[in-house]
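Below is a short note for a colleague who is new to this entry. The points are numbered so that each can be checked in turn.

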Amino acid sequence: MEQLSHVLVALLLALVAAEAAAVPGADFDGGDDGLLSHYDRVFSFGDSLTDTGNAAILPATAGGPSSRAPYGETYFHHPSGRASDGRLIIDFIVESLGLPQPTPYLAGETAEDFRHGANFAVGGATALDPAFLKSKGVMTFVPVSLSNETSWFNNVFDLLASSAYEQSNIMASSVFYFGEIGVNDYIFALFSNRTAELAVSLVPDIVAVTHSALTAVIAAGASSMVVTGMLPLGCEPELLALFPGDADDYDRESGCITLFNELAELHNRALNRMLRKVRRAHPGTTILYADIYRPIANLVASPGKYGFGNTPLAAFCGGGAGPYHFDMAAFCGTPDSTESSDPSEFLSWDGIHFTEAANRFIARAMLRGLYNASKLTTALL
């Protein structure tokens, strides 16, 4: 109960900061003193939606789009290793907690580098090991999975703490953020056989490896975790452009591919069932589910209501003659790609990743959902 109360206060204050950031000119941070001294660092896991620089360093992906213009142009004014024009959801969440940004794992070497946490996410990473996916006929291009990222965490943990006392203090003062993971598994499966059946068959496996990652950090002493669900895959410009269908294949209100969104919903139901089991098995641990699906679906359905433009299914930066402004041959940053006028009016930055404006909106909505969920949990205790 005491541990949950710390998380509840953190989320309340973070939500206040997020709501203040909705005011033009306001910044999205925790103030000079930080929001909650109880937390000193964040450890984050995931793929390109959470990666703040690892893919730009990893040999298999170094020199990729996120390390070239126009990536980073809105906030950093140069490529920062983030797959966006600016900050990511994790950036806003860390800022709202009043904490320094965690160091990308591949950019650090010493304990001092990771004093404020570490970001283990890698663009292109999968939840499942590449060898397992290959056995299913699914080809990947990044040799990093969630199990690799948890192994990296163990390396950092060994650097930071040499005694049981230090280990306990570090884990008690850390937030573990599991960003969306598994979208690449599903997309690569769709690319491999052009149908959804293979992707659907991976849901239990992806949830199982997520369970393994959670229990691994809990065994190490983690007590505060946020686990992000799956985004509405059928609203991704990349998939909309590459999997054209008949009129009946699309949701009439949103224009998203119904079958792919159903896959995401299936994933989220299975993930939530697993999280409930983990909570029961570890009653002293706070595990919150972060809903990324609903904020994106709401924005797609009513972009004007939230201050966005009227093309929520089109990429800001990309190419192609279709309505989604996405073409692999004219991917954002290539000579044939073009940009629209204002990225803050777009949900999608490059057809796969979100704009800074969308990331800010999603982070604020996630914080509100986390706070409401933690309030409900407290009421039930």
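1. Pro244 is exposed, its relative accessible area being 66%. Exposed here stands for a relative accessible area over 50%, so the 66% of Pro244 qualifies. The residue sits in the loop that runs between α9 and α10. Its C-alpha is 9.0 Å from that of Ile257, and the two residues are 13 apart in sequence. Please keep in mind for this point and the rest that the model is predicted.

2. How many disulfides does a search of the whole structure find? There are two. Counting the bonded cysteines along the chain, the pattern is 1-2, 3-4.

3. One of the disulfides joins Cys235 to Cys256, with 2.1 Å between the sulfur atoms. The link is right-handed, with 105° about the S-S bond. Cys235 belongs to the loop between β5 (224-228) and α9 (237-242), while Cys256 belongs to the loop between α9 and α10 (258-281), so the bond ties together parts that lie 21 residues apart in sequence. Are these cysteines buried or exposed? Both Cys235 and Cys256 are buried.

4. Cys317 and Cys332 form a disulfide as well, and their sulfur atoms are 2.1 Å apart. This link is right-handed, with 95° about the S-S bond. Cys317 is in strand β7 (residues 317-318) and Cys332 is in the loop between β7 and β8 (338-339), so the parts tied together are 15 residues apart in sequence. Cys317 is buried, and Cys332 is buried too.

5. Helix α6 (residues 183-193) has eight buried residues out of eleven, and it is therefore largely enclosed by the rest of the structure. The buried ones are Val183, Asn184, Asp185, Tyr186, Ile187, Phe188, Ala189 and Leu190. Which elements do the buried residues of α6 pack against? They pack against α3 (130-135), α7 (196-201), α8 (203-219), α9 and α10. Arg194 follows α6 and has a positive phi, near 65°.

6. Helix α2 (residues 89-96) is mostly covered, with eight of its eight residues buried. Among them are Ile89, Ile90, Phe92, Ile93 and Val94. Asp91, Glu95 and Ser96 of α2 are also buried. Just after this helix, Gly98 adopts a positive phi of about 70°.

7. An open sheet is formed by six strands with parallel pairing, and their order is β2-β3-β1-β4-β5-β6. Which strands are at the edges? They are β2 (103-104) and β6 (286-290), each of which pairs on one side only.

8. Within the sheet, β1 (residues 41-45) pairs with β3 (residues 117-119) in the parallel sense, over three bridges. In one of these pairings, Ser44 has Asn119 of β3 as its bridge partner. Helix α4 (residues 146-160) packs on the sheet and touches β1, β3 and β4 (174-178). The direction of α4 makes about 155° with that of β1.

Definitions and conventions: Residues numbered from 1 in each chain as written. Predicted model: local features only at pLDDT ≥ 70, side-chain atom pairs only at ≥ 80, totals over all residues. Heavy atoms only, no water. Disulfide = S-S within 2.5 Å. Helix = DSSP H or I, 4+ residues; strand = E, 2+ residues; numbered from the N terminus. Buried < 20%, exposed > 50% of the residue type's maximum accessible area, 1.4 Å probe, protein only. Contact = heavy atoms within 4.5 Å. Pairing = 2+ DSSP bridges. Axes fitted to C-alpha atoms, helices over the stretch in contact; angles between N-to-C directions.
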